[in-house]
Amino acid sequence: EGVAIHIVGWLRDHAQEEDIRRRATRIEVDRAFRERVMSEDDADRGFYDPALAERVGSGGVESSMESDLRGLRGQRIVQLETGSTRVVEAKRGRDVRLTLDIALQARIQAAMTPEVGLAMVQPWNKSPQEIAGADGQKIPNPAFRPVGTALAGAAVVLDVDSGEVLAMVSTPTFGRAEILAEGTNVFDPAGPWPALNRAIAKPYPPGSIAKPLMLVGAAKRGFYTPGEAIDCTGHLFPNQKNAFRCWLYKKWQIGESPIPNHTEQLGHALPAEDALCVSCNVFFYTLGQRMGPANVIDAYRDFGLGRRWDLGVGTEYPGLAGHTSTKNKVTSQEAIMMAIGQGPVEWTPLHAANAYATIARMGVWMNPRVLLDAPVADPVRLNLDSSVLIEALAGLGRSVNDEYGTGHHISVNGEREVTFDTDPTKVWIWGKTGTAAGLELIDTDGPEGPSPRERVEGDHSWYVILVGKAQERRPRYAVAVMMEYAGSGGKVSGPICNQIVHALLDEGYL
């Protein structure tokens with residue numbers, strides 16, 4: 001139900017003032033459009049008649065392309081002096097072609113429905129009900145969600161070569177029946193908010209999926225030398241063992257890992273390929289410390305943060321790198337956190353997919369698109385070091401295919417299961433997991449209601465991959481999966497990513 005409704009949009013009865021104004025503005029500024037829609041007597045043949053319950057595009061492409069999709073009335077012109085009659089035939093609206101593969105879209109949406117079980121809290125991915133407080137005593141875990149809780153999320157599939165969006169799924173979704181039955185509840189931010197397109201309209205911290213961006217960004221600005229190795233001591237500062245810790249060190253502190261750092265685990269200081277494979281925080285903390293706030297922010301902006309794409313499918317969040325106010329300047333400590341995708345940085349699943357596609361293109365940034373006939377923006381060469389891009393791709397490949405890789409497998413009750421069960425002789429995958437701390441305050445009954453805002457927190461689950469045919473070893477498609485407040489990127493988004501690879505196989509892409 002509701003396949004691609006966030007992109008295609010829907011229809012409503014009766015034109016509103018904004019619809020009338022928008023059409024009048026286009027007639028005024030677009031000469032070609034004016035010549036197409038105006039009659040000989042200077043009347044708009046596509047005007048909205050207030051006496052009729054005319055259907056008007058609402059949301060998505062139906063809204064943004066309403067004036068093109070709308071037809072033109074016919075006319076019967078009678079010359080009173082001569083009695084002659086001339087008929088101007090009505091015209092259908094123009095077709096609008098999309099880049100979406102609707103079969104692929106439907107397959108991915110199906111995999112992300114709670115009924116299938118992957119987009120739902122399960123025993124193997126649930127957060128603990130209690131955690132240790134500051135004094136060591138057990139306290140309720142604010143991120144706990146019971147088994148069976150449905151998870152909201154989004155997935156994007158991009159064609160690397162063209163930048164075309166092949167699929168863009170946001171869940172929960174809705175259809176005509178929900179609009180008729182529930183009305184405004186579909187559009188209510190206080191509830192599940194099915195009308196929100198989480199793929200492009202809501203921000204999330206990227207977490208560790210941002211690490212390859214920081215690697216190539218540091219090299220471009222002279223803060224990383226190709227082939228350089230960095231020691232992981234478990235924490236960034238020698239005398240502050242509880243600040244800027246590596247995730248492996250945190251596990252060691254609570255007894256879940258016998259090894260305190262990645263240097264001991266691997267037996268040597270980490271080159272970039274190893275650092276991405278095992279997702280070493282200390283390696284990227286070090287890059288963030290070297291770069292400082294301005295360079296970290298610029299590295300993110302290289303990949304499109306702060307810019308909208310003008311896709312024509314609804315509200316877009318442009319991404320944030322740094323604070324919204326110049327008064328709140330990014331500190332050096334925040335820059336260190338931004339280097340692992342935390343702190344004052346937010347983006348969307350489309351940002352993530354497009355960033356990885358940019359790496360796959362060896363540093364060529366392209367504006368993604370959904371409208372097939374829309375003008376194509378010129379690609380932008382980011383002047384990234386090709387040898388470091390090769391290091392990044394090698395590390396992403398090992399993250400998925402090396403048994404030490406954080407994206408290689410998930411562990412359940414001491415047993416391991418590989419994340420991707422496709423044949424590696426046919427399909428090759430590069431990828432990165434991310435588990436990013438999120439927090440927001442939600443007005444459950446609106447700003448005027450009696451209840452205080454509800455605090456929602458937990459980890460967002462990310463898995464972003466590049467995938468292509470094994471014999472080519474060339475990334476053909478970028479896939480980003482994000483599940484809200486779902487916990488582990490590998491355990492939740494990883495299996496969904498695996499199903500998307502199967503969908504690409506089934507639809508003949510691989």
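I looked up strand E7 and found that E7 pairs with strand E19 (residues 477–483) in the antiparallel sense over seven bridges; two strands pair if DSSP finds at least two bridges between them. I noted methionine 482 in E19 as the bridge partner of alanine 154. The model is predicted, so I kept in mind that local features need pLDDT of at least 70 and side-chain atom pairs pLDDT 80 or more, while totals for chains, interfaces and linings use all residues. Residues are numbered from 1 along each chain as its sequence is written, and side-chain values use heavy atoms, without hydrogens and water.

I then turned to strand E8 (residues 165–171), which runs antiparallel to E7 and is joined to E7 by six bridges. Here alanine 155 stands opposite valine 169. The hairpin of E7 and E8 has five residues between the strands, and glycine 163 takes a positive phi near 75 degrees.

I checked burial (under 20% relative accessible area, 1.4 Å probe, protein chains only). Seven of the seven residues of E7 (residues 153–159) are buried, so E7 is largely enclosed by the rest of the structure. Gly153, Ala155, Val157 and Asp159 point one way, and Ala154, Val156 and Leu158 the other.

Last, I examined helices H6 (residues 102–111) and H16 (residues 489–506), whose axes come within 10 Å and cross at roughly 155 degrees. That makes H6 roughly antiparallel to H16 (an angle over 145 degrees).

Key. Axes fitted to C-alpha atoms, helices over the stretch in contact; angles between N-to-C directions. Helix = DSSP H or I, 4+ residues; strand = E, 2+ residues; numbered from the N terminus. Parallel < 35°, antiparallel > 145°, perpendicular 65-115°, else oblique. Buried < 20%, exposed > 50% of the residue type's maximum accessible area, 1.4 Å probe, protein only.
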